Amino acid sequence: MDGLIALSNDLAAAVEHAGRAVVGVNARRRFGSTGVHWRPGLIVTADHTVEVDEDITVTTADGRTVAATVAGRDPAIDIAILKLDAGALAVADIASEPPRIGHIVLAIGRGPRASWGVISAIGDDRGADVLSLDLTLYPGFSGGPLVDARGHVVGVATSGAARHFQIAIPAATVSRVLDELGRRGRIPRPYLGVGTQPVRLSEALRQRLGTDQRSAIIVVDVQPDSPAAAAGLLIGDVIVALGGTHISDPRELRAVLRPHQVGESVAVSIARGGEPREVRLTVGERPRRA
């Protein structure tokens, strides 16, 4: 019994510790979401809960209401960064060690409120870098921190990046997005300029490619003056891998591209006319709409 009481007290202390840096984000109509004060003046939350770009406010743990602006977004992983004058708001402690399957974790929502469970899996079938959670994310929890038993942040919880699943974006991934924001002043969206659809790989083609993957993506459109066009990709090319990561459907292609890769050269493994080839492609930044 003493051990159970000690565990209960430790979890309550973790919620209290993490809750100092938890905020309520008011950026959509029905009910607000949660955010975490990741770095001084920067709030991390779930992108799908930030439905407006103006008139955003943040409610701090001590009850203050502070105006915030959108500093950047990465819709591919459902992360938005808000900028504000945080004053004396505590900054979250980010875990130095990556979580492991089976670790006890707590999802913290505005209030604060808490839900606890374990990490059930790491990564998903699309190749995305996510933490699958065996816990309940209640309404308004999206964008809040996922913390370990010490109250240190291991990720950002969201129900928007994967339907019917409770997941979290790992802290290391979020920190890379913030690094990109600091380096460029914005979060660029990677861009190749191709339209694709899934295609099955025949046994003969798999043998020539030296792979056992059963599907890839075929290029059905190449946009003019795009990175794909500059690299010489053609309609009918079958993209098997990008940067060493196997690609089985268009979602995986989007998932493997990260903002920090903009401007970098990556290897694209393709099949053209049934023969394996490799081309180098410089990842571009998605053009801004007029």
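Visitor: Which residues of α1 are buried?

Guide: Buried means under 20% relative accessible area, exposed over 50% and partly exposed in between, with a 1.4 Å probe and protein chains only. Helices (H or I, at least four residues) and strands (E, at least two) are DSSP runs, numbered from the N terminus. In α1 the buried residues are L11, A14, V15, A18 and G19. They lie on the same side of α1, because they cover an arc of only 125° around the axis; the arc is that of the directions from the helix axis to the C-beta atoms. D2 and E16, on the other side of α1, are exposed.

This is a predicted model: local features need pLDDT of at least 70, side-chain atom pairs count only at pLDDT 80 or more, and totals for chains, interfaces and linings use all residues. Residues are numbered from 1 along each chain as its sequence is written, and side-chain values use heavy atoms, with hydrogens and water left out.

Visitor: What do the buried residues of α1 pack against?

Guide: Contact means heavy atoms within 4.5 Å. The partners are β1 (22–26), β7 (104–109), β8 (113–122) and β10 (145–147).

Visitor: How is a pair of aromatic rings described?

Guide: By the distance of the centres and the angle of the planes. Rings of Phe, Tyr and Trp (its six-membered ring) pair if their centres lie within 6.5 Å; planes under 30 degrees apart count as stacked, over 60 as edge-to-face and the rest as tilted. The count here is one aromatic pair. Y138 and F141 form it edge-to-face, 5.6 Å centre to centre with 70° between the planes. F141 counts as buried because its relative accessibility is 1%.
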